[in-house]
Each structure stands twice: as C-alpha cells, then as structure tokens.
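This report is an introduction for someone opening the structure for the first time. Please keep the sequence and the 3D view at hand while reading.

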Amino acid sequence: MLGCHIGRCFQVTVAGGSYQAGLSSVLQGVPPGLLLTEQEIYGDLLLRKPGADELSSPRKEPDLPIIYSGINAADTVENAGNKNHTNGTPLAILIPNLDRHFIHIKQYQDTNRTPRPGHASYATFIKYGPDDDAIGAGIFSGRYTSTIVAAGFVAKKVLKRCGIEVFSYVKEIAGVRCPEIDTDNAFKYTEDYKQMRRDLDPFYQEIYAKGRINMEMRFLEKMAILAEIEKQIDAIRDKAPKLKIDEVREKYGVHLIVNCPDVDAAQAMVDECNRISATGDSVGGVVEVVVTGVPTGLGEPVFYKLDGELGKMLGIGAVKGVEVGAGFGVKDMTGFENNDRMHSENGKVVFESNNAGGITGGLATGQPIVVRLTVKPTPTIDKPQQTIDKYTLENKQLAAITRRDPTIVARIWPVAENYTAMVILDHLIAHYGYQALKDK
C-alpha cells in the first residue's frame with residue numbers, strides 16, 4: 001500500500017486500521033529540542049475521537065497516544081534538562097484500538113459480502129481481493145485520521161515556535177452557515193472551545209491530569225495501564241461532567257458540541273442535523289482552516305505550489321472538495337472583483353481583500369491562508385439501500401445500520417487543521433532549511 005506517506009522535508013507515514021491492534025504515525029524531519037508529551041497530543045486527538053457527543057458515532061475509542069520513539073528517554077547528560085525532548089530521529093506515535101469487540105466484528109462479517117453504498121468497500125475488494133481489510137473498512141475508515149491529528153499536532157507545535165498559528169472550525173452543517181467572523185475572534189473562540197473539551201473530557205482528566213499515564217513511565221508500563229483502561233472505558237466515560245449547553249456557553253463562551261465561532265449558528269446546525277438524523281439519514285457541510293503568520297514567498301512553483309499541496313486534503317476521508325480563498329466563487333466574479341488590490345501604509349503592503357486566500361502563484365502573500373473543505377454526508381445511514389453481493393454480483397438489499405455518525409463535519413475540522421500544519425511545516429523546512437528551524 002504505497003499511498004500512506006506524505007512530505008519531502010517533514011515526512012509522515014501512517015499505518016493501521018479500524019479493527020487492527022491500532023494505528024501509528026511515523027514522523028521524520030521533526031527538529032530536535034521540542035518538548036513533547038502524550039497529554040498534549042491527546043488534547044488534539046480528543047477533538048476528533050468518536051463517541052464524544054450526540055453528533056458522533058457511538059464507538060468509544062479513547063484514542064490514547066503512546067510516544068514510542070524519537071524523544072530522549074532521559075537527560076543525555078546529567079541535569080541537561082532534555083528528557084522527553086525530540087532528538088531528531090524518527091518520531092513514532094502509536095494509537096491502540098481499545099473498543100474493538102467481537103460483536104462489532106461479527107456485524108461486519110455478516111455484511112461484508114454486500115458493499116455499503118458511499119463507502120470504499122467495493123473498490124477496495126476489487127483492488128486487494130478477499131484479503132482486503134474489510135473489518136470496519138480498515139485504513140479506509142475514518143479512524144485513520146487520528147494518525148493525521150497526532151502527526152499534525154507535532155507540526156503545529158513547531159510552527160507555533162516560528163510565530164505561525166493554524167486553526168480550524170465548522171463553517172456549515174446541513175445548510176446552516178456560520179456568519180463571517182474576523183480572524184482574531186475565530187482563533188480565540190477555537191482556543192476556548194479546545195480548552196472546554198479538555199476540561200470536560202473524562203480521559204484527559206482521569207488518565208493525564210491525574211497522572212495515571214505520564215512521561216516518566218516506560219512503554220510496557222503504559223501498555224499495562226491501557227489494558228486496564230480497555231476494561232474501564234464505560235466507567236471512565238461516566239465520570240464526564242454533565243454540563244448543559246447553556247452552562248458551557250456561560251462558562252466558556254462556546255457551544256458544547258460544534259466548534260463554530262457563532263454559538264447560535266452552532267445550535268441551529270445541531271438542531272437541523274438532529275432533525276434529518278431522526279429520519280435515518282445524514283448530512284454534510286464545510287470546515288474552514290486559517291493560517292496566520294506565514295512568511296511571504298513560502299511555497300514552490302508548479303508541482304509543489306502551496307495551494308496545490310493543500311489540495312491534497314482531498315485525501316481526508318469524506319472530503320469531496322477543497323477551495324482556497326474565494327475558491328469556486330471566482331467563477332461568478334470579474335477580474336476586477338477577484339483581484340486583491342494593494343497599497344502601502346507606513347512602509348507596509350496592505351491588501352484590500354483576500355480572494356486569493358493568502359496564496360498566489362503557489363506562494364504565500366503574507367495574508368492569512370484560508371482553505372475550506374466540503375464534507376459529504378456520512379455514508380452509513382439508518383435506511384435500507386440497494387447494493388450487490390461482491391462475490392456473486394447478485395442484487396441485494398443492505399439493511400439499515402444504526403451505529404453511525406449523523407454527520408462527520410464536527411469531527412473533520414481538527415483533521416483539516418493538523419493536516420494543514422503538516423503541509424506548512426514541510427514547506428517551511430524546504431524554504432529555510434532544517435538547521436534554521438532546529439535553532440528556533
């Protein structure tokens with residue numbers, strides 16, 4: 001399987017599957033000297049994981065990461081203070097699957113003869129044959145996006161040291177659209193939303209905040225704790241604070257479920273999604289990613305254009321379109337309307353608009369980079385559908401499936417955010433060199 005690797009200077013290889021023992025990300029090009037903990041990586045993984053709210057699948061994977069290699073196990077010299085710092089060697093992050101039970105495997109075994117419409121199961125069977133990892137869709141499942149979040153968090157932490165911020169949020173669900181929000185307020189809202197999720201996540205509080213797993217432990221000690229946690233998932237989940245939407249809004253200023261920087265729009269999204277989900281169907285939407293602090297000129301021509309690389313986010317499961325700036329809207333503009341005119345103020349260039357989304361000719365203009373992804377409705381729905389028997393090609397009726405996400409949009413935004421960070425960091429190292437970033 002040759003498609004599980006990305007990057008030139010910051011390289012990421014992912015592996016694993018939905019019902020295999022787990023998943024992994026192997027990163028090369030991480031500068032040495034970066035203090036890294038499993039707790040902070042999990043702080044991003046919890047934003048994507050299933051079973052967290054009424055809009056996500058009931059699967060209860062906690063997505064607890066284990067750093068396996070790439071950081072110093074101890075101070076390299078006594079009192080050097082560089083324990084748990086990256087050391088420049090490949091960084092491996094493991095994400096074990098803890099909620100994979102035979103009852104769910106049996107459900108797939110019973111239905112795998114009949115490909116699910118909207119899923120990759122027919123095409124993967126033709127490509128890989130009867131040994132295709134069809135239990136839970138394998139690496140074609142949305143579970144593999146956890147590997148992108150883990151790798152992208154590391155990239156995002158390096159970028160932050162360079163003054164570059166990457167953030168994302170839900171722009172639209174089920175036709176309900178977030179009004180325009182200025183960049184600073186959208187960034188602050190997203191940071192507050194992340195803090196809320198960490199505060200209310202029972203695994204973050206029980207496993208990391210209380211030190212049940214910590215960076216002083218050896219790998220096998222951590223795995224022994226994960227074996228215990230596997231039997232305690234429900235008990236730990238039951239410890240989650242039961243705050244209501246109004247209480248979260250008052251305390252944090254955000255919506256409990258959807259990371260949309262307009263709380264009223266977020267609630268309207270939930271209401272419309274629930275209305276459609278009650279009929280057995282699902283909905284799609286749009287997420288937006290914004291990058292600030294990118295130096296002018298970052299990027300390469302032709303095959304490594306910055307926007308071309310961001311367009312590879314079509315590789316995120318369920319994403320069917322990627323647009324930069326005004327995107328598809330440029331078809332309805334004139335050249336005068338679309339051009340981002342500029343003038344000088346106090347010795348600085350000021351753009352009067354950002355229809356280019358911060359990128360022209362594949363190079364950053366210095367404005368915020370703005371990228372939007374369209375996300376299709378969840379293909380697993382609670383409605384019978386026409387399909388075939390993939391072995392005999394007989395026509396079949398696929399039964400309704402109830403274990404599903406009413407929408408995937410609310411879980412895609414952290415994937416898009418961290419994927420974007422990977423792309424930006426890859427270009428940053430190519431532009432300035434590994435040594436320059438190492439010295440940051």
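## Terms and basis

Between two axes, angles under 35 degrees count as roughly parallel, over 145 as roughly antiparallel, 65 to 115 as roughly perpendicular and the rest as oblique. The axes are lines fitted to C-alpha atoms, for helices over the stretch in contact, and the angles run from 0 to 180 degrees between N-to-C directions. Helices (H or I, at least four residues) and strands (E, at least two) are DSSP runs, numbered from the N terminus.

This is a predicted model, in which local features need pLDDT of at least 70 and side-chain atom pairs count only at pLDDT 80 or more, while totals for chains, interfaces and linings use all residues. Residues are numbered from 1 along each chain as its sequence is written, and side-chain values use heavy atoms, with hydrogens and water left out.

## Helix H1 and its two partners

The axes of H1 and helix H6 (residues 202–209) come within 11 Å and cross at roughly 170°, and H1 and H6 are therefore roughly antiparallel to each other. In contact here (heavy atoms within 4.5 Å) are Glu38, Gln39, Tyr42, Gly43 and Leu46 of H1 with Phe203, Tyr204 and Tyr208 of H6. By class, this contact of H1 with H6 has 5 nonpolar, 2 polar and 1 charged residues, where Ala, Val, Leu, Ile, Met, Phe, Trp, Tyr, Cys and Pro count as nonpolar, Asp, Glu, Lys and Arg as charged, and the others, Gly among them, as polar.

Helix H1 (residues 38–48) also packs with helix H13 (residues 409–432), at an angle of about 140° and with the axes 7 Å apart, which makes H1 oblique to H13. On the H1 side the contact involves Asp44, Leu47 and Arg48, which meet Ala410, Arg411, Trp413, Pro414, Val415, Glu417 and Asn418 in H13. The contact of H1 with H13 has 5 nonpolar, 1 polar and 4 charged residues.

## Two helices with a buried face

Helix H7 (residues 219–230) has 12 residues and reaches 16 Å from its first C-alpha to its last, close to the 16 Å expected, the expected span being 1.5 Å times one less than the number of residues. Its residues Lys222, Ile225, Leu226 and Ile229 are buried, where buried means under 20% relative accessible area, exposed over 50% and partly exposed in between (1.4 Å probe, protein chains only). Seen down the axis of H7, these residues fall within an arc of 105°, so they line one face of the helix; the arc is that of the directions from the helix axis to the C-beta atoms. Among the elements that cover them are H1, H6 and strand S5 (91–96).

In helix H10 (residues 263–277), Val263, Ala265, Ala266, Met269, Val270, Cys273, Ile276 and Ser277 are buried. They cover an arc of only 160° around the axis, which puts them on the same side of H10. Their cover includes strand S6 (165–173) and helix H5 (183–200).

## Individual residues

His427 lies in helix H13 and is buried, with a relative accessible area of 1%. His427 and Leu306 are 121 residues apart in sequence, yet 7.7 Å apart in space, C-alpha to C-alpha.

Asp63, in the loop between H1 and S4, has a phi near 55°, a positive value in a residue other than glycine, and is buried at a relative accessible area of 0%. Ala174, in the loop between S6 and S7, also has a positive phi near 55°, but at 22% relative accessibility Ala174 counts as partly exposed.
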